[in-house]
Each structure stands twice: as structure tokens, then as C-alpha cells.
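Keep the viewer open and follow along topic by topic.

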Amino acid sequence: LGVAPGRNVGLCMARGAGMLEGLLATLKAGGAYVPMDPEYPAERLRAMVEDAAPAVVLTDAAGRAAMAAALSGLRDAPACVSLEDAGDWAGESAENLDDADEAMVSTRRAYVIYTSGSTGRPKGVEVEHAAVLHLWRALDAVLHPQGRDATRPLRAAMNASLSFDVSVQGWSRLLSGDCVVMVPQSAKQDPEAMLSLLEAEQVDLFDCTPSQLGGLLDAGLQRREALSGLTVVVAGEAIPAAMWRAM
């Protein structure tokens with residue numbers, strides 16, 4: 001489909017395994033992924049497509065509907081390919097790409113994240129592979145100070161939206177052979193449901209904002225024995241003094 005080093009690939013789909021499949025496929029082909037939330041207004045999605053000029057946009061049902069509205073009447077609109085149509089992929093090779101190693105150059109961009117646009121037109125920020133690896137290695141050193149235990153991979157919850165940088169510390173756990181548990185949108189807005197999910201999935205690592213952590217503490221996070229070993233990575237806002245004392 002024309003995806004090669006230096007080309008962008010839009011990811012417009014709901015939270016789920018397909019989103020990560022598309023992300024990894026894009027990186028393996030040497031492209032850079034561009035998260036396009038199906039919940040965004042059509043005007044924002046259209047502006048992102050016009051600016052990033054993706055070679056293709058990977059979608060699911062939600063993404064197809066969002067892209068149909070965003071790309072209506074747009075000249076030179078990119079192809080939209082659904083990851084849900086298994087028949088489209090059944091005849092493709094399962095082998096690694098011949099030039100996969102050449103595609104992974106540290107100075108090439110790995111992804112493009114768009115700003116909120118609160119101060120004007122949203123701007124795409126390019127992040128290189130080297131930056132992703134620096135983050136992964138730094139976090140790995142904190143989580144595995146004695147080295148990784150190959151017999152027990154960590155279970156990391158991916159809580160942040162793919163449209164935010166902090167999501168990288170979630171999916172990059174795959175580089176360590178860890179398991180990534182995708183948090184559904186419904187649990188993100190319900191502290192009790194989130195705690196139940198973390199327990200049921202035996203999550204070891206969880207990222208959130210101080211605001212969300214406050215809701216989880218109020219809902220009894222520290223009283224749940226099954227979550228006594230949970231490591232919480234907090235970012236995005238200042239942590240109130242009362243929360244520091246509570247932890």
C-alpha cells in the first residue's frame with residue numbers, strides 16, 4: 001500500500017487489540033503511526049489527514065464511519081483499510097519483511113502526536129524511534145532493577161489514549177516481553193470498574209493522572225489486598241500534597 005520509511009499511517013479505530021496490531025504493523029513496515037481518535041470531530045480528523053498525508057488509514061467499524069465523514073469531498077484522500085475484514089489479509093505472507101531491519105533506524109520517526117489545538121491549529125509532533133527506546137529502557141530499569149524474570153512477564157494496563165504520549169510507556173512493555181492489558185473506555189470513567197478490572201487481569205503496572213488516582217484511592221484502592229503489589233505511574237498533573245501523604 002506504499003507504506004515505507006518516511007510514510008505516515010493513520011490509526012482510526014476504537015480501543016482494542018486491533019489498535020495495537022495496526023501500530024506494530026506500521027512500525028514493522030518502517031512507517032510512523034498517527035493516532036486518529038474516532039471520537040474526534042470530523043473537522044479535526046480532516047485537518048490531521050491533510051497535514052500528515054498518511055499513505056493509508058487503518059480502521060475498524062468506528063473508524064470507517066469517522067473517516068467517511070472526515071474525508072467526504074477531500075481530493076487525494078488516503079485509502080481506508082479495515083483490520084476487521086480478515087479476507088483482505090488471508091492471502092498475505094506471514095513472513096517477516098525482507099527489509100525490516102533497515103526500516104528500524106533510530107532517527108526515523110516512530111509516530112506523530114497532534115496537540116490539542118487549544119492555542120490554534122493542532123500541530124503534529126514527530127517522535128523518533130530513539131526517543132521511544134530511551135523511555136522503554138529507563139522504565140525497564142525501574143521496573144526490573146534486578147533484571148527481568150523471564151518466567152513471569154509483567155502485566156501492564158494501557159490506560160492512556162493512543163493520542164497521548166504517555167500511551168507509549170504502555171505499549172512499549174511489549175519490547176520486554178510483557179503483557180499489555182487494554183483498559184476499555186467504560187472502566188476509565190468508573191473507579192469501581194477500574195479496580196475490578198485491575199484485580200481480574202492481575203495487573204502489575206498501571207498509568208494514570210493524579211485526578212484518576214484520587215478517584216481510585218477514594219474507591220478503596222489501598223484496601224484491596226489483591227492490588228497491594230500494583231505499581232502506579234502517575235503523570236500529567238501536579239500531585240496534591242494530600243495524595244502524597246495518602247500514598
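In this predicted model, the largest pocket has a volume of about 820 Å³. Its lining takes in 20 residues, and those that lie nearest the centre are Ala-25, Ala-29, Trp-89, Glu-92 and Leu-97.

**The largest pocket**

- Which helix gives the most to the lining of the largest pocket? That is H1, with five residues.
- H1 spans residues 17-28, and both H1 and E3 supply at least two residues each to the lining of the largest pocket.
- By residue class, the lining of the largest pocket consists of 11 nonpolar, five polar and four charged residues.

- Strand E1 covers residues 8-12 and is mostly covered, with five of its five residues buried.
- E1 pairs with strand E2 (residues 32-35) in the parallel sense, over four bridges. Within that pairing, Asn-8 has Ala-32 of E2 as its bridge partner.
- Together, E1, helix H1 and E2 make up a right-handed β-α-β unit.

**From E3 to E4**

- Strand E3 is joined by four bridges to strand E4 (residues 79-82), and these two strands run parallel.
- Which residue of E4 stands opposite Val-57? It is Cys-80.
- Between E3 and E4 the chain passes through helix H3 (residues 61-70), and this β-α-β crossover is right-handed.

**Aromatic rings**

- A pair of aromatic rings is described by how far apart the centres are and by the angle of the planes.
- How many aromatic pairs does the structure hold? There are two.
- Tyr-33 and Tyr-111 form a stacked pair, at 5.3 Å centre to centre with 25 degrees between the planes. This pair links distant parts of the chain, since Tyr-33 is in strand E2 and Tyr-111 is in strand E5 (residues 109-114), 78 residues apart.
- Both Tyr-33 and Tyr-111 are buried.
- Tyr-33 and Trp-171 form an edge-to-face pair, at 6.2 Å centre to centre with 75 degrees between the planes. Here too, distant parts of the chain are linked: Tyr-33 is in strand E2 and Trp-171 is in helix H6 (residues 168-171), 138 residues apart.
- Trp-171 is buried, as is Tyr-33.
- Tyr-33, Tyr-111 and Trp-171 make up one aromatic cluster.

**Enclosed cavities**

- Rolling a probe the size of a water molecule over the atoms shows where empty space is left.
- Searching the whole structure turns up three cavities of 30 Å³ or more. The largest cavity has a volume of about 60 Å³.
- The residues lining the largest cavity are Leu-139, Ala-156, Ala-157, Gln-169, Gly-170, Arg-173, Leu-205, Phe-206, Asp-207 and Val-233.
- Strand E7 (155-158), helix H6 and strand E9 (205-208) each supply at least two residues of this lining. Which of the elements gives the most? E9 does, with three residues.
- The lining of the largest cavity divides into six nonpolar, two polar and two charged residues.

**An exposed residue**

- Glu-43 is found in helix H2 (residues 42-52).
- Why does Glu-43 count as exposed? Its relative accessibility is 61%, and the cut-off for exposed is over 50%.
- Glu-43 and Leu-154 are 111 residues apart along the chain, and 39 Å separates their C-alpha atoms.

Terms used
Residues numbered from 1 in each chain as written. Predicted model: local features only at pLDDT ≥ 70, side-chain atom pairs only at ≥ 80, totals over all residues. Heavy atoms only, no water. Buried < 20%, exposed > 50% of the residue type's maximum accessible area, 1.4 Å probe, protein only. Pairing = 2+ DSSP bridges. Right-handed = clockwise from strand over helix to strand, strands pointing away. 1 Å grid on protein atoms, 1.4 Å probe; cavity = no way out; pocket = protein on both sides within 12 Å on 5 of 7 lines; lining within 4 Å. Points joined across faces, edges and corners; volume = space filled by probe spheres on them. Nonpolar A, V, L, I, M, F, W, Y, C, P; charged D, E, K, R; others polar. Phe/Tyr/Trp six-rings, centres within 6.5 Å; stacked < 30°, edge-to-face > 60°.
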